[in-house]
Amino acid sequence: MSEKEMPKATAQRLFSLDFFRGFTMFMLVGSGLYELMRNADHSIVSEIGWQFEHRYWHGLTLWDFVEPFFMFIVGVAIPFSVMNRLEKGDSWNKVFRHVLQRSIILFFLGILIYSVSSGKPVWRLWNVLTQLSVTYVFAFLLMRKSITLQLLISLFLLLLSESLYRSWPVEGFNQPFVADHNFGSWLDLKLMGELESDHWVAFNVVPTAALTIWGVVAGLILRSNRTHRHKIRILLTAGAICVSAGFALGFFTPMIKRIGTSSIILETGGWSIIMLAFSYWLVDVMKIRKVPAFFAVVGMNSLFIYLFEQTGGASFLARIVKPFAYTCFFWLGETGVNYGTAVFTWFLLWYICYWLYKRKIFIKI
């Protein structure tokens, strides 16, 4: 893809955000390759593969950044999409109705993913889309408030979560950092009548809302009239503060992604801000486009590729490409064929997004 083919970064579209979103989603859909790496005989390859899987409970891996990046990116996009619509003449009420409509659709799609995998309608609220449907509306409603107030509310959400986990009195669910014996697990039994097998909790929506709020604040900063240098300095400073605070808090509150402890929200939120600053500097300031363009085409159809992968699309493609992988790599044995299949599938997932981009087809809600 040539640089001329890519859209320019304007007030209407932040190309660096497409790159950041696309990079995140491209990593997400490579799960087939990561699984093979985790099962590899070579210890180094296996260790790298385990970095693309959530820590079972306490700790942090690279994979634990994917969902926070996505929640944060949605927040960054809100000021750009909303302000663009207002500048085109839409009323605030009309924009709000559109936000509610998108939220309802996101919620439905989140439920649909679980229903497709279960083969029947199910009521489960652990999916990132169902949670995003809530944080999206909440962050939107806060956008017109002062940045100070938005930040204070985001910190209140972390304190609220911390307090509920540490002080919940119900016997059997009063162990804040023990899997299936915490406040989030108690709430899941009330809401859904079951616990998630991997110990995720729906209450994650409360602390992770802070990520979307921070994304909105970052988006407002990038839309401001500040110089490039000033914007980047603000973002890097804020990111460093969050990372340091998360690391320090980790000695008191363990980093547990599956229940969204305050320490891991601060840590992943800080790196989200730093990653945005880097993307903005690389793409919109330095104007380096050729490599970021590879990821940006995925970012422009992120919802589509996520739904496609989550509902079995990647497995379907893998069955198609396996005969071709066998033809190319049979001499490497079963391991070579499996790796070839995973890489070909990953490339096809990217190519679908590229094909859609070339035809100006963008799946949106």
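Here is a quick tour of the chain shown above, going from overall build to a handful of single residues.

The model is predicted, so local features need pLDDT of at least 70 and side-chain atom pairs count only at pLDDT 80 or more, while totals for chains, interfaces and linings use all residues. Residues are numbered from 1 along each chain as its sequence is written, and side-chain values use heavy atoms, with hydrogens and water left out.

**Overall build**

The protein chain has 15 helices and zero strands, where helices (H or I, at least four residues) and strands (E, at least two) are DSSP runs numbered from the N terminus. With a radius of gyration of 21 Å, close to the 21 Å of the globule rule for 365 residues, the protein chain is as compact as a globular protein of that length. That radius is taken over C-alpha atoms, and the rule is 2.2 Å times the number of residues to the power 0.38. Along the principal axes, the C-alpha atoms fill a box of roughly 60 × 55 × 40 Å.

Of the 365 residues, 52% are buried; the cut-offs are under 20% relative accessible area for buried, over 50% for exposed, and in between for partly exposed (1.4 Å probe, protein chains only). As for contacts (heavy atoms within 4.5 Å), 70% of those with a separation of 6 or more come from residues 24 or more positions apart.

**Surface, charge and cysteines**

The accessible surface of the protein chain is about 17,500 Å², and carbon and sulfur atoms own 66% of that. Areas come from the Shrake-Rupley method with a 1.4 Å probe; for residues, only the protein chains shown count as cover. On the charge side, there are 33 positive and 22 negative side chains, with the centres of the two sets 14 Å apart. Lys and Arg count as positive and Asp and Glu as negative, leaving out His and the chain ends; each charge is placed at NZ of Lys, CZ of Arg, CG of Asp or CD of Glu.

The disulfide count is zero, using a pair of cysteine sulfur atoms within 2.5 Å as the test. Cys242 is buried at 12% relative accessibility, whereas Cys328 is partly exposed at 39%.

**Loop residues**

The loop between α8 (183-192) and α9 (205-223) holds Asn204. His199 is found in the loop between α8 and α9 too. Asn204 touches Gln131, Lys257, Arg258, Ile259 and Gly260, leaving aside residues up to four places away in sequence. His199 has a positive phi near 75° without being a glycine. Lys287, in the loop between α11 (262-285) and α12 (290-299), is not a glycine either, and its phi is about 60°.

| Residue | Relative accessible area | Class |
|---|---|---|
| Asn204 | 6% | buried |
| His199 | 12% | buried |
| Lys287 | 46% | partly exposed |

Phe308 is in helix α13 (residues 302-310) and is partly exposed, with a relative accessible area of 23%. Apart from residues up to four places away in sequence, Phe308 touches Gly313, Ala314, Leu317, Leu349 and Ile352. Phe308 and Leu235 are 73 residues apart in sequence, with 33 Å between their C-alpha atoms.

Leu152 is in helix α7 (residues 147-167), and its relative accessible area of 52% makes it exposed. Leu152 and Ala210 are 58 residues apart along the chain, and their C-alpha atoms are separated by 9.8 Å.
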